[in-house]
Amino acid sequence: MTLNNLIFLPLKKEILEKKNYLLQSLAFHILIIILIYYGLPNLFRYRVEFLPPLPIEIINISDKTTAPQINFKKTPDTGKNKTNYIDQEDVKYDNQIKTQDDSSEVIDTKEVKEIIKKKKIVKLKELKKKPNQLQSVLKSIEQVKRDFSKKKKNKEEVKSEEKVTPTNLGINLSISEVDAIRRHFEKCWNIPSGAREVGNLATEIKVRFNKEGNVVDARIVDISRMKRDRFFRTAAESALRAVLNPRCQNAPLPQDKFDKWKNLTLNFDPKSIIGY
Amino acid sequence: MKNIKKIIFTFLIFILFVVNANAELRIDITSGYTEPTPIGINDFIGTNDEEKIVAKQITKLVIADLNNSGLFKVIDPKAYIQKITNPSIIPKFPDWKVINAQALIVGSTQLNESGNIRIEFRLWDVFAEQQMAGWAFSTTRSNWRQISHRIADKVYERLTGEIGYFDTRIAYIAESGPQKKRIKRLAIMDQDGANHRFLTDGNNLVLTPRFSPSQQELTYLSYIGRIPRVYLLDIETGKQEIVGDFPGMTFAPRFSPYGDHVIMSLATDGNSDIYSYNLKTNIRKQLTTYRGIDTSPSYSPKGKKIAFNSDRGGSPQIYVMNNKGKKIKRISFGKGRYSTPVWSPRGDYIAFTKYFNDTFYIGVMTPEGKGERVISKGFLVEGPTWTPNGRMIAYTRKDYPIKKKEGKTRIFLIDLTGFHEKEVITPLEASDPAWSPLLD
Amino acid sequence: MYILRSISVLMLTVFLYSCAQQGGIVDETTGLYEKPGMSYLDKQMSVPAKIYFDYDSYLLDSVAEGTLDIQVTWMDENPAKFILIEGHCDERGTREYNLALGERRANSVKEYLASMGIDESRLNIVSYGKERPDEEGSHDDAWTLNRRSVTTLDVDR
């Protein structure tokens with residue numbers, strides 16, 4: 001009993017009296033711990049193990065991918081109408097020119113002076129333009145570009161006027177077309193397994209196709225490496241065999257984009273398999 | 001100056017245009033399939049009956065070698081459309097393309113009066129329609145097996161880029177009898193099982209044979225006089241001699257890459273350490289001093305480093321040190337007990353045995369301890385040995401017991417990728433395989 | 001008739017021989033007296049020859065020490081006998097590591113016997129690794145019996 005009195009009662013008294021200070025101290029302590037926990041960097045971070053990078057393909061997405069075929073056949077009449085319209089405008093312009101000529105004969109000497117002044121002003125304006133010749137070059141090039149693309153569009157419009165179908169809107173091969181080609185050659189590529197991991201064994205093969213999708217010519221790009229690296233030679237020969245394999249004739253290549261795929265570079269990269 | 005700038009600028013932009021306009025489409029192909037490459041082997045052509053017999057023997061052996069490597073599949077001759085009887089003609093490639101032969105071997109055999117054989121053969125790339133290579137070999141008729149293996153080696157090398165391993169031998173321990181009183185004999189054979197013979201009589205327990213680089217000798221452990229010691233055996237003469245005069249049990253021997261040293265463990269007073277023994281000077285050098293178990297030493301291909309098994313970390317693990325016994329570094333850190341490290345002849349991997357969760361594994365890791373991979377597992381698999389091209393591993397495999405009856409012990413061979421596991425056929429049960437190095 | 005007689009003679013000889021051993025057989029290579037399941041150093045079969053170890057261990061437990069104490073007494077009573085201590089392992093380890101472990105087990109026994117006063121020059125050790133199991137079979141019961149050290153008579157000395 002006395003023990004209790006000796007120890008616990010005075011303690012109680014102390015705490016109750018100095019309650020204020022104790023609470024403040026406790027609050028500050030907790031604040032600092034929170035700051036440390038969230039503020040300082042965690043030195044005991046687990047070692048992050050990096051997995052080998054997955055091969056990522058950069059897919060060439062064409063402006064417009066293949067949409068289902070819908071035929072909008074426009075009658076050739078509209079084309080003719082357009083040209084007629086242009087002719088009419090030209091005719092109008094000619095008339096205007098004529099009227100101007102007529103009025104010039106009536107000019108007094110006063111008006112001639114004014115005309116001379118106007119010419120001078122125009123000349124000054126031209127002088128100011130000179131220091132920015134580069135700009136003018138750029139501008140002119142832009143003009144060329146615009147003209148070029150306009151011409152292109154004109155050409156295509158002419159073509160498309162015959163049959164305006166959405167399939168002709170894509171310029172490059174679509175994702176699904178590229179994918180089809182890839183899957184086609186994958187099934188013919190017998191990859192040499194277990195070769196020593198000697199770094200990059202990716203082989204580029206330049207292939208020339210004919211219109212039926214058959215390989216007309218194929219060659220390995222890096223011939224010099226073939227001579228000095230026998231592991232590369234094995235990988236390259238396997239890639240070449242994949243392309244020349246008779247089972248891989250008739251590649252699924254879209255007929256109407258022949259220009260785009262008649263010369264292809266196929267890059268056979270076994271890195272996801274070799275080097276286990 | 002400004003004019004020049006203008007010209008250059010225009011030119012550059014023009015180039016950009018041109019390049020863009022003609023950019024060729026590039027497609028990445030990152031997967032395919034892995035299967036043994038189908039090839040055609042036309043019977044080696046002989047002009048008379050004698051030659052035809054030899055030609056047939058050689059063809060059969062070349063086919064067996066290439067098929068057994070797991071990397072090739074020789075198409076059944078019954079499926080061949082063109083039967084080539086003249087070795088100098090260009091093959092009709094469409095006939096071979098149709099049966100999907102990616103390569104074709106055509107050869108001829110000649111026997112001359114002195115009994116020597118001369119083989120000429122060509123390797124054709126069927127899809128590219130051109131000759132890849134051509135070789136000629138000659139030897140005595142009795143050596144026809146060796147020439148067949150050399151032919152297979154050349155084809156293997158040209159098509160895979162790897163060194164061939166067909167002209168090699170396997171030394172191993174032939175086992176028979178009940179487990180309690182097992183009879184073990186040293187045996188040697190060609191890698192395809194031919195020319196098999198026993199080298200010891202089975203009166204004394206023999207274990208763990210290893211080849212010398214010259215292939216002339218074996219080093220192994222024998223219990224002659226009931227004292228286990230390391231011995232050397234001359235394969236041709238059969239002569240055995242003890243290695244060193246050690247005050248205790250010596251075991252786990254291996255040759256150094258140049259054949260001048262034998263490295264081994266010496267066990268005395270409950271402690272085993274690694275010693276290297278110079279065969280010329282008879283001087284021995286202690287390489288480890290840890291009081292515990294240090295065993296299964298294995299040199300790196302150039303002899304600069306040694307991998308070994310030690311329990312200094314509390315359980316059996318793999319360590320690497322230099323050939324002077326310094327710079328000891330642990331390289332195995334996975335779960336389990338690691339032992340029997342064996343350095344690959346290519347230097348890129350160390351094979352080992354691992355025991356974890358009641359299962360044994362054969363695995364490989366880099367000499368730095370990275371990229372640990374398990375390539376085989378079983379009730380009891382141990383003691384890997386490399387083929388000299390560092391592509392395949394042979395090891396001991398004991399099957400799971402069937403109804404309390406112990407499984408058979410046999411030698412298996414597996415590719416580094418973990419595929420093509422197959423048994424190496426031996427007359428009796430077998431263990432402790434050692435693959436011979438290549439003769440230079 | 002003749003054959004029958006020779007066979008019966010043979011069988012009698014064998015029977016008598018085994019009787020003479022009081023139900024046990026002497027192993028020529030170890031000099032131990034064998035009764036099914038147990039081996040003894042003495043003819044009376046009161047001194048067990050084998051002690052057992054835990055997996056991957058070479059430490060002596062109290063049972064082992066008790067057995068070894070009995071052996072010590074017998075060795076003191078037979079000071080002319082030379083001893084060969086064998087160390088063995090079960091099959092759940094690689095060949096070379098087990099050779100080393102077997103040597104450690106045998107050495108544990110030797111050190112204990114020497115510490116109990118037996119002259120070291122009488123004691124030799126040999127390791128058989130996992131090559132000479134006592135019990136055939138690939139299961140726990142067999143393995144437990146194979147992780148052992150056997151004190152034998154050195155028949156070569």
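Q: Which strands are joined by bridges, and how do they run?
A: Start with the term. Two strands pair if DSSP finds at least two bridges between them. Strands here are DSSP runs (E, at least two residues), and helices are runs of H or I with at least four; both are numbered from the N terminus. In this predicted model, strand 3 of chain A is joined to strand 1 (residues 25-29) of chain B by five bridges. The two run parallel.

Q: Which residue stands opposite Arg26(B)?
A: Thr265(A) does. Arg26(B) lies in strand 1 of chain B.

Q: How many residues of each chain are in contact?
A: Contact means that the C-beta atoms of two residues, placed from the backbone, lie within 7 Å. Here 42 residues of chain A touch 32 residues of chain B.

Q: Which helix of chain A gives the most to that side?
A: Helix 8 of chain A, with eight residues. Other elements supply at least two residues each, including helix 5 (133-162) and strand 3 (263-268).

Q: What classes make up that side of chain A?
A: Ala, Val, Leu, Ile, Met, Phe, Trp, Tyr, Cys and Pro count as nonpolar, Asp, Glu, Lys and Arg as charged, and the others, Gly among them, as polar. The side of chain A that touches chain B has 23 nonpolar, 10 polar and nine charged residues.

Q: How is chain B divided?
A: Domain bounds come from an automatic or database assignment. Chain B has domain 1 (37-160) and domain 2 (169-435). Their C-alpha centres lie 37 Å apart. Four residues from domain 1 and six from domain 2 form the contact.

Q: What should I know about numbering and confidence?
A: Residues count from 1 along each chain as its sequence is written, and chains are lettered from A in the order written. Local features need pLDDT of at least 70, side-chain atom pairs count only at pLDDT 80 or more, and totals for chains, interfaces and linings use all residues.
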